[in-house]
Amino acid sequence: MLAGLVLAVWAFVDWENGGERRMAAGLVLAALGGLEVALREHLAGFRSHTTLLAGLCALVVATALLTAGLTLRLWQLGLLAAAVFAVCFWLFQRLFVRRSGGLRFR
């Protein structure tokens, strides 16, 4: 997260010389740091991040389908992403209940 913050500040200071790339890299690093904390807290049963993790799974599947070059209509892609979200939400919720000692959220 610190590296992402440093890159973002550097991008603002020196925007003319590749600031866009540094800003994008900084945002990605900061987002990965936040995702790591959310996943660790969820797996430890400390805090439930079910919606965030299920949404990430749906985003990854939708991105993979689009990158693979499949010709899907928008409603088909949305339906697949919603199905992946629902299944992952259920699985992450069950995992958190087991890890937290029976609580559904905390």
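Predicted model: local features only at pLDDT ≥ 70, side-chain atom pairs only at ≥ 80, totals over all residues.

Trainee: What span should α3 have at 1.5 Å a residue?
Mentor: 26 Å for its 18 residues, 50-67, and the end C-alpha atoms are 26 Å apart, so the two agree. The expected span is 1.5 Å times one less than the number of residues.

Trainee: Which residues of α3 are buried?
Mentor: T50, L53, A54, A58 and A62. Buried means under 20% relative accessible area with a 1.4 Å probe, protein chains only.

Trainee: And what covers them?
Mentor: The cover includes α2 (19-44) and α4 (74-100).

Trainee: How do α3 and α4 pack?
Mentor: At about 145 degrees, axes 8 Å apart. The residues of that contact (heavy atoms within 4.5 Å) divide into 16 nonpolar, four polar and no charged. Among them are L53, A58 and L65 of α3 and L80, F85 and F92 of α4.

Trainee: Switching over: at what angle do α2 and α4 cross?
Mentor: Roughly 55 degrees, with the axes coming within 7 Å. They are therefore oblique to each other; oblique is what remains after under 35 degrees (roughly parallel), over 145 (roughly antiparallel) and 65 to 115 (roughly perpendicular).

Trainee: Which residues meet there?
Mentor: H42, L43 and A44 in α2 meet F92, L95, F96 and R99 in α4.

Trainee: Last one: what phi does G69 take?
Mentor: A positive one, about 90 degrees, just after α3.

Conventions:
Residues numbered from 1 in each chain as written. Heavy atoms only, no water. Helix = DSSP H or I, 4+ residues; strand = E, 2+ residues; numbered from the N terminus. Buried < 20%, exposed > 50% of the residue type's maximum accessible area, 1.4 Å probe, protein only. Axes fitted to C-alpha atoms, helices over the stretch in contact; angles between N-to-C directions. Nonpolar A, V, L, I, M, F, W, Y, C, P; charged D, E, K, R; others polar.
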